[in-house]
Every structure is written in C-alpha cells, then in structure tokens.
Amino acid sequence: PAGPGSHIYMWAGDLFPGRGLPRLLSDDVVVDRVAQAARRATRGLPLIANLEGVLLPDMPDNLSELVLGMPGDMLRDWAGRLNLRAVGLANNHVNDIGASGVAETHAALTAAGIARFGQGEVLALPGVTLVGLSDLDGAARPPVDRLTPEVLDRVVQRDAQVPVVAFVHWGREFVTTPGARERKLEDALRQRGVAAIVGAHPHAASA
C-alpha cells in the first residue's frame, strides 16, 4: 500500500500498435474490450512503456516487416485510454527510419503530451528518476553490447535525491532468464546506485 505522498507507476514492456493492430482496433467492440482489460491490469495507474518503433503521420504501404512503423494518431488515442504518461525510446527500433523517423516520433509524442526519454536520457517524474538505456541498436555496428562503463557513468546519477529506475532494452527475444551479459549490466547499475531495473525486449513476460 502506498503511504502519504508516495507515487505509484505501472510499467509495460514493448508497446507497438502497428502491423495488423490498426485494422483490428478499428472495431469499437474490440477497442472497448482491450481498453477495459488493460485498465484492469494497470488499475488505471500512470503507465510507462517502451515504445518499440517509429510514429508516423501517414503509414506507407511498403514498410518491411522488420521496420516498425505505427500511426501516431492511434497512439495518441490509446494514450488516454491507458493513462500513458511516458515512453522509453531506448531500443533497437527507434532508428528504423533514420533521423526523419526519430523527428516524427518526437513530434507526435509532444503533440500527444507524452513525455519521452531515449538512449542515455533522464526523465524526472514525481518521486522517481528514469534513465533510458539500450544494449541493442539495430542501426549501429555492432548492434549489441552498446552499454559501456563510460555510457553508464555519464547517465546514472550516483547522488540522486529520489530512486533511480533504469529502463533497459537488453537480452534475447523469447528468453526470459537473464544471461551473463544482463547479470554484468545489472551489477554495474547496482554499483552506480540504481534502485531498480525494468527490462524489455524478450517479448515474453518474466517476474
């Protein structure tokens, strides 16, 4: 139970309302059912999620399956239903359409009033400081092991006045047990005073 003056947030993993979802969620009955289920799961609390992909004002017809584009207006509509307060952009798909896609994503989030924090960026919310980190980057070479001690030293505040939560994109898809790399990063973040780590990318739930 929350004490006086405390703040409670819900966390979601990879949020991607793209591919076939816009068609499915054009049905009002489906929308109501999904929204009700989501609100039951989150209790309507402020939600923080990893936005896995690029927000676009107009969806092209020829996007590759591996280029994660999604309609910006759809996310704006669902942000209200889900009480979505902030999204992490530190992941391996944020650069799928390059700098123009990043700019479109930022513009859509600003218009929707949704806070954002990307790779190596810090977002202060009431009662907590969020740090966006991704060990993966599909647009970089090498695409893995992107988090170095220098990156962690630069972005993690050792003397933070409120708890620091690291939102980390890491691991392997469909593998929910942390591997040696994740254990190493976990230890490095703990040594830097991080209070908690929320991980995304495996596309499967893990406690």
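A search of the whole structure finds two aromatic pairs, a pair being two rings of Phe, Tyr or Trp (its six-membered ring) with centres within 6.5 Å. This is a predicted model, in which local features need pLDDT of at least 70 and side-chain atom pairs count only at pLDDT 80 or more, while totals for chains, interfaces and linings use all residues. Residues are numbered from 1 along each chain as its sequence is written, and side-chain values use heavy atoms, with hydrogens and water left out.

**Aromatic pairs**

- Trp11 and Phe167 pair edge-to-face, at 4.9 Å centre to centre and 80 degrees between the planes; planes over 60 degrees apart count as edge-to-face, under 30 as stacked and the rest as tilted.
- Trp11 lies in strand β1 (residues 10–15) and Phe167 in strand β9 (residues 164–169), so this pair ties together parts that are 156 residues apart in sequence. Strands are DSSP runs (E, at least two residues) and helices are runs of H or I (at least four), numbered from the N terminus.
- Phe117 and Phe167 form a tilted pair, with 6.2 Å centre to centre and 35 degrees between the planes.
- Phe117 belongs to strand β6 (residues 115–117) and Phe167 to strand β9, so the pair ties together parts 50 residues apart in sequence.
- Trp11, Phe117 and Phe167 form one aromatic cluster.

**Exposure of the cluster**

- Phe117 is buried, with a relative accessible area of 0%, and Phe167 also counts as buried, at 5%.
- Trp11 is partly exposed, with a relative accessible area of 28%.
- Buried means under 20% relative accessible area, exposed over 50% and partly exposed in between (1.4 Å probe, protein chains only).
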